[in-house]
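I opened this entry to work out the fold and then the core. My notes follow the display.

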Amino acid sequence: MKTILITGGTNGIGKGLARYFLQKGDCVIVVGSTAAKGEKFNLEAQKLGAEARAHFLQADLSLIQENLRIIEIIKNRFPSLRSACPVRSSSKVQHNLC
Ligand SMILES: NC(=O)c1ccc[n+]([C@@H]2O[C@H](COP(=O)([O-])OP(=O)(O)OC[C@H]3O[C@@H](n4cnc5c(N)ncnc54)[C@H](OP(=O)(O)O)[C@@H]3O)[C@@H](O)[C@H]2O)c1
């Protein structure tokens, strides 16, 4: 089981990636700024029977301080996380890391 981090994992491409890795049996951490989308992610993980492997972290990643806070949380709670590959837009911070 791998641990996968997907920033922007509560919608669109990131959400699709999150579902794929949960179905594969991996541990998935998603980051998004909207609590309601995080709750929806948790519900969907429950339906897949994957709630123990699904983790939503709420953060506004357009803010440097929030990025630093999330990095600290991940280092402490998910030390098995090894790699990340970012996809991001030029206008707003909408990026997916897996
Ligand atoms: N969709 C496509 O066909 C397509 C094609 C090529 C490239 N892309 C690129 O792929 C990326 C994702 O596209 P998408 O269509 O999947 O976007 P999307 O549906 O709008 O999803 C964006 C994700 O990023 C999160 N997000 C946005 N701003 C955030 C912030 N400040 N802090 C934390 N999380 C934030 C959103 O959650 P919250 O709203 O809760 O923050 C959501 O989970 C973009 O860079 C886009 O340009 C997309």
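These entries go from the overall layout to the core and then to one strand pair.

**Layout.** I am working from a predicted model. I looked up the elements and found 3 helices and 5 strands. I read their order from the N terminus as β-α-β-α-β-α-β-β.

**Burial and contacts.** I checked burial over the 98 residues, and buried residues make up 28% of them. I then took the contacts between residues at least 6 apart in sequence. Of these, 55% join residues at least 24 apart.

**Core.** Which residues have the most contacts inside the largest nonpolar core? I found Ile6, Ala18, Leu22, Val28 and Val30, in a core of 16 residues. I then asked which elements supply at least two residues each. They are strand S1 (3–7), helix H1 (12–24), strand S2 (27–32), helix H2 (35–47) and strand S3 (54–58). As a general note, nonpolar side chains tend to be buried together in soluble globular proteins.

**Ala18.** I picked Ala18 from that list of core residues. What does Ala18 touch beyond its neighbours within four places in sequence? I found Ile6, Gly9, Val28, Val30 and Phe41 in contact with it. Ile6, Val28 and Val30 are also on the list of residues with the most contacts inside the core.

**S2 and S3.** Do S2 and S3 run parallel or antiparallel? They run parallel, and I found 5 bridges joining them. I followed Val28 across and reached its bridge partner in S3, Ala54.

Methods: Residues numbered from 1 in each chain as written. Predicted model: local features only at pLDDT ≥ 70, side-chain atom pairs only at ≥ 80, totals over all residues. Helix = DSSP H or I, 4+ residues; strand = E, 2+ residues; numbered from the N terminus. Buried ≥ 20, exposed ≤ 12 C-beta atoms within 10 Å, placed from the backbone. Contact = placed C-beta atoms within 7 Å. Core = buried A, V, L, I, M, F, W, Y, C linked by C-beta atoms within 7 Å. Pairing = 2+ DSSP bridges.
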